[in-house]
Amino acid sequence: MIIWLNGTLHEDPATAGISPLDHGLTTGDGVFETVKIVAGQPFAVTKHLERLVGSATGLGLPAPDVAKVEEAIAAVVKADPEIPFGRLRITYTGGVSPLSSDRGTAGPTLIVASHAIEHPAPSSAIVTVPWVRNERSATSGLKTTSYAENVRALAYAKARGGSEAIFANTVGDLCEGTGSNIFCVFDGELVTPTLESGALAGVTRGLVIAWFGAVERDVPLGRLAEADEIFLTSTTRDVQAVHRVDERDLGVPGEVTAAVAKVFAERSAEDIDP
Ligand code: PDD
């Protein structure tokens, strides 16, 4: 594990100390990005940095200095150039603050960390959860570090044999997973929830729409039961087939899912920063 914290590289997480007063820790006042590392190189870094800036300013944090973040990413990647497949995480918080919801004046904390991870499983079982994404929340669409709802929902899905949990939003429409976007095939048409549903503007989702095409349309959560195919997209899953939704088996990846996965693999191999 390599960690860059406010300008210093650490190889041991224990030496990379964060203040107990950091607002990211005390209130979840922070934003983050997960970037995929492929053969030692970060993938789609420009799009991730654009989203990082959007999430930070959307949360009222000062815009991160992109050149500095790029420098931190370069330092982390250089310190561990052999990672065949990995996760690089950028975390940017409100920094040292009072023990309240007020933000302090010390300035943000910036952390970039990376480590190798396993390749994603070829398919996933998804579990719908009894809680909702609030598409009208102050933080809707922002990739904030306030992930406790996702932690709770993922544990709920895992306890039921799933590997991802799926949320509806407050009006009962299909929204997204705890760390992924969702696509469904209905009668040959590839559909994904709109961003107005409260789903994160996933980098992988955007690339699938650009490279393959999909209709952005909201559908009730219950229509998952009628989907001919379902797949998830995320930085660490790429395009991942869904073989089970709650109690319903969908079997092997369908034709559309396989075609999207193939296009995604080919196009992403051609350009490390699409
Ligand atoms: N998660 N929706 C949510 C809530 C997410 O957290 C993520 C990413 C996505 C997919 O976005 P992208 O394609 O840009 O990765 C959708 C990352 C992988 C994580 O939790 O670490």
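Close-up 1. Buried here means under 20% relative accessible area, with a 1.4 Å probe and protein chains only. Strands are DSSP runs of E with at least two residues, and helices are runs of H or I with at least four, both numbered from the N terminus. Look at either face of β13 and you find cover: E229, F231 and T233 are buried on one side, and I230, L232 and S234 are buried on the other.

A word on the ground rules: residues are numbered from 1 along each chain as its sequence is written, and side-chain values use heavy atoms, with hydrogens and water left out. Because this is a predicted model, local features need pLDDT of at least 70 and side-chain atom pairs count only at pLDDT 80 or more, while totals for chains, interfaces and linings use all residues.

**Close-up 2. The partners of β13.** Two strands pair if DSSP finds at least two bridges between them. Strand β10 (residues 181-186) pairs with β13 in the antiparallel sense over 5 bridges, and V185 has E229 of β13 as its bridge partner. Strand β14 (residues 238-245) also runs antiparallel to β13, joined by 4 bridges. Here F231 stands opposite A241 in β14. β13 and β14 make a hairpin, with 3 residues between them.

Close-up 3. T93 sits in strand β5 (residues 85-93) and is buried, with a relative accessible area of 5%. Its side chain makes a polar contact with the side chain of D22 at 2.6 Å, and also reaches the backbone nitrogen of G95 at 3.0 Å. A polar contact is a pair of N or O atoms within 3.5 Å; within protein, one must be able to donate a hydrogen and the other to accept it, and residues adjacent in sequence count only if both atoms are side-chain atoms. Leaving out residues up to four places away in sequence, T93 touches D22, G24, D29, G30, L61, P108 and T109, where contact means heavy atoms within 4.5 Å.

Terms used
Buried means under 20% relative accessible area, exposed over 50%, partly exposed in between (1.4 Å probe, protein chains only).
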